[in-house]
Amino acid sequence: MPDRVPWHSHPAMTGGGKSLAERLLDGDRRALARGISLVENDDPEGWALVREVYPKTGRAAIVGFTGPPGVGKSTLLGALTKLERARERSVAVLSIDPSSPFTKGALLGDRIRLTEHFLDQGVFIRSMANRGALGGLSEATLQAALLMDASGRELVLLETVGVGQAEVDIIDHADTVVLVLMPGSGDSIQALKAGVMEIPDVIVVNKADHPLTDTMIREIKGVLALGPSRSWEVPIVRTEAARGEGIEELVDQLERHREHIVAEGTLMERRRRNLMSEVLAIATSRMRRELQASVQADPDVRELLDRVVSREIDPASAAGTILERAQAPS
Ligand SMILES: Nc1nc2c(ncn2[C@@H]2O[C@H](COP(=O)(O)OP(=O)(O)OP(=O)(O)O)[C@@H](O)[C@H]2O)c(=O)[nH]1
Ligand SMILES: [Mg+2]
């Protein structure tokens, strides 16, 4: 197998005319940006691109960061990126904001926190709020992460605010899940207790300059002790992202976790499970679309609905009839 193409290589042999996929595989940042826009907009060209580069994916380490708003996730990613760059690893950051398609404020904040990396070719930063037509945000996120992976990024960092099911789905695409909390926040401990994150692999207590940090850590340990014991003991890392404190320890724990899941075989298991749910999610949304389209074009369905309204047929029986019609060869 050929070596992974380094992000900085710009082979000048072929006289231009390279396809988008080729440029993306060469690590071209603009090709990557374009590719992500295509998948975000559910453009068929985007799906074709992912199809083409998919065999080259699976090499990046994907780490997902989640946690309540304002705990310092973006700042942490900025600090982590800085350290990884000092170690010459290429990084891609994908910030996902599912709460609203109009998150200019939050995203602008993220941009400011990450500006010092803008000129660095080894860093690619992207925000995503668009649901896309097909599948939804979770699917668009995975496609974007795949493109980042294919473009030769060694480390792909996902950021999402952990509040609901959509976020959990997004974070499912990560090999390692980091829950970021901060001291003195009821939100944080609630997030942990409510199992917003099923079980994170690493917990970060950021803003460790806060006087309640030790209390927070004790509380977290208390919550973790209630869970089943596992072969991986969840480390709790204290950081001060704003000052770059504790980031080396975080990198060490991320690496330790990766070694653990590789050695245990859980990395492959996780990826298999995530890809399976991805396939089902895409298939489900396509089927729903087709069904809705066929139903809209069908006058008999309107009549069927009328009969449901007039209490002649119950909703479940009507649904059964619709499914039979949809499955019948036309
Ligand atoms: N005191 C202190 N403040 C910090 C630290 N890290 C980040 N902050 C501040 O916390 C605020 C929120 O930081 P962000 O990085 O935007 O937090 P976030 O979790 O990404 O926020 P959302 O994306 O909006 O959920 C900013 O004002 C940061 O400067 C820290 O270690 N100590
Ligand atoms: Mg943020």
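The legends below describe close-up views of a predicted model.

Residues are numbered from 1 along each chain as its sequence is written, and chains are lettered from A and ligands numbered from 1 in the order in which they are written. In this predicted model local features need pLDDT of at least 70, side-chain atom pairs count only at pLDDT 80 or more, and totals for chains, interfaces and linings use all residues, while side-chain values use heavy atoms, with hydrogens and water left out.

View 1. Ser74 and Glu159 are both buried, that is, under 20% relative accessible area, with exposed being over 50% and partly exposed in between (1.4 Å probe, protein chains only).

**View 2. Strand 4 and the two strands that run parallel to it.** Seven bridges join strand 4 to strand 1 (residues 61-67), and six join strand 4 to strand 2 (residues 91-96), strands being paired if DSSP finds at least two bridges between them. Val63 stands opposite Leu157 of strand 4, and Val91 has Leu155 of strand 4 as its bridge partner. Six of the seven residues of strand 4 are buried.

View 3. Thr176 is buried, with a relative accessible area of 2%. Leaving aside residues up to four places away in sequence, Thr176 touches Ile62, Val63, Gly64, Asp201, Leu254, His257, Ile261 and Arg270, a contact meaning heavy atoms within 4.5 Å.

**View 4. Helix 10 (residues 247-264) and the elements it packs against.** The 18 residues of helix 10 reach 26 Å from the first C-alpha to the last, close to the 26 Å expected at 1.5 Å a residue, the expected span being 1.5 Å times one less than the number of residues. Its buried residues, including Leu254, His257 and Ile261, pack against strand 1, helix 4, strand 5, strand 6 (202-205), strand 7 (236-238) and helix 11 (266-296). Just after helix 10, Gly265 takes a positive phi of about 85 degrees.

Methods: Helices (H or I, at least four residues) and strands (E, at least two) are DSSP runs, numbered from the N terminus.
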